[in-house]
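Q: I have a structure open and want to learn how to read it. Where do we start?

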Amino acid sequence: MTPRRTLLVDGDDIAWRAALAAGRGGVGSESLEPYLAAEIAMRLEAAQSRLGAHEIVIALTDAENWRRGLWPGYKAHRAGRPRPPALAPARRLLRTRWRARQAPGLEADDLLGLMATGASLAFGALGHDVKEDAKEGAEGDAQSGAPEPRLAAALRRERTPPPPRQDARDLARGASDGAQRVVLSPDKDMRTTPCLLARPDGSVRAVSPDEADDQHAFLTLAGDASDGYPGCPGLGAVKARRLLDAAMIEAAERDARGGRPAFAHGVPHASPARWRAVAEAYRAAGRPLSEALAQARIARVLRCGELTADGRPRLFDPPW
């Protein structure tokens, strides 16, 4: 029997595409809202039909961003870039008509990562004030007031906790509510999250915990120019991939010689070797370990259990 399927949607992408369509169509102010509503509904209904989803949950990015506190240059190069004039109205529609989820300081990726790995889907019903001001549409929408404790509590964990580690079979079975949770996002950062990830053709692939951890370590080394964090100086994507692959092969061969099983719960025993390789690369480049730590924390999309009681991220500590 095919389980029920919940589609977790990147609302930032939906709003941007709808706003672009409105701009191309030269839609006037009087007809803007109904045009945007029709455009958004068309995109969501098409995705729901294509992926056979019974429910859609939409996530939006907040104007404040916890990553900027770790790396001030995070996405700083995007400031001042032209944006579709209809972006803010499109985001408002997602919040009001489609009850999009948004949390203080978090990006849509974080909300998707939390929900995809077992956090509750119910937090959006709690409600929280959204301050509409000059910041709206810049990266997200500004929030007023302190983080809502009930929001953080709902995000942290389902009533029935997910297993500490998931493999592809766990992901296919679905969350504790019995539904598969499938992420619909064009953002490559979602590959750092163990989840079911929708493809443009309507198929779904499982990102295993090992693949997600590998991609996370890779971004820590290679950086991400589109998000404004540099990674390790002197290491591009090709060198970063070679370094990580070599570290994992060497560790796996060492384990094999010692008679140690290659995997535990679907995760290679050699996984910590990735992070040791990351630390060594930063030292070799003459950079302090604190810089490697900051890059690793920025590159991580939050997972279930990585939000504190007051709504703040639990910062990642690599096993190096």
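A: We start with a definition. A residue is buried if its relative accessible area is under 20%, and exposed if that value is over 50%. One caution: this is a predicted model.

Q: What percentage of the residues in the protein is buried?
A: Of the 320 residues in the protein, 50% are buried. The protein exposes about 14,700 Å². Carbon and sulfur atoms supply 53% of that area.

Q: How many helices and strands are there?
A: There are 10 helices and 7 strands. Now look at contacts between residues at least 6 apart in sequence. In the protein, 73% of these join residues at least 24 apart.

Q: In which sense do β1 and β3 pair?
A: β1 (residues 5-10) and β3 (residues 180-184) pair in the parallel sense, over 5 bridges. Take two positions. Leu-7 has Val-182 of β3 as its bridge partner. Val-9 stands opposite Leu-184 in β3.

Q: How do I read the two faces of a strand? Are those of β3 covered or open?
A: In a regular strand, side chains alternate between the two faces of the sheet. Sort the residues by face, then check burial. In β3, Gln-180, Val-182 and Leu-184 lie on one side, with Arg-181 and Val-183 on the other, and all are buried. That makes 5 of 5 residues in β3 buried.

Q: What about the pairing of β3 with β4?
A: β3 and β4 pair in the parallel sense over 2 bridges. Val-183 stands opposite Leu-197 in β4.

Q: How do I read a core? Which residues touch the most other members of the largest one?
A: Think of a core as buried nonpolar residues joined through side-chain atoms within 4.5 Å. The largest nonpolar core has 27 residues. Leu-7, Val-9, Leu-36, Ile-40, Leu-94 and Leu-184 touch the most other members. β1, α1, α2 (29-51), α3 (87-96), β3 and β4 each supply at least two residues. The largest share, 7 residues, comes from α2.

Q: What does Leu-184 touch?
A: Leaving out residues up to four places away in sequence, Leu-184 touches Leu-7, Leu-8, Val-9, Asp-10, Ala-47, Arg-50, Leu-51 and Ala-198. There is also a second, separate core of 23 residues. Its members include Val-57, Ala-59, Leu-114 and Ala-116.

Q: How do I check a helix? What span does α7 reach?
A: Compare its end-to-end reach with the expected span. Helix α7 (residues 209-222) has 14 residues and reaches 20 Å from first C-alpha to last, close to the 20 Å expected. Of its 14 residues, 13 are buried. Gly-223 follows α7, and its phi is positive, near 75 degrees.

How values were computed. Residues numbered from 1 in each chain as written. Predicted model: local features only at pLDDT ≥ 70, side-chain atom pairs only at ≥ 80, totals over all residues. Heavy atoms only, no water. Helix = DSSP H or I, 4+ residues; strand = E, 2+ residues; numbered from the N terminus. Buried < 20%, exposed > 50% of the residue type's maximum accessible area, 1.4 Å probe, protein only. Contact = heavy atoms within 4.5 Å. Areas by Shrake-Rupley, 256 points an atom, 1.4 Å probe, with all protein chains shown as cover. Expected span 1.5 Å × (residues − 1). Pairing = 2+ DSSP bridges.
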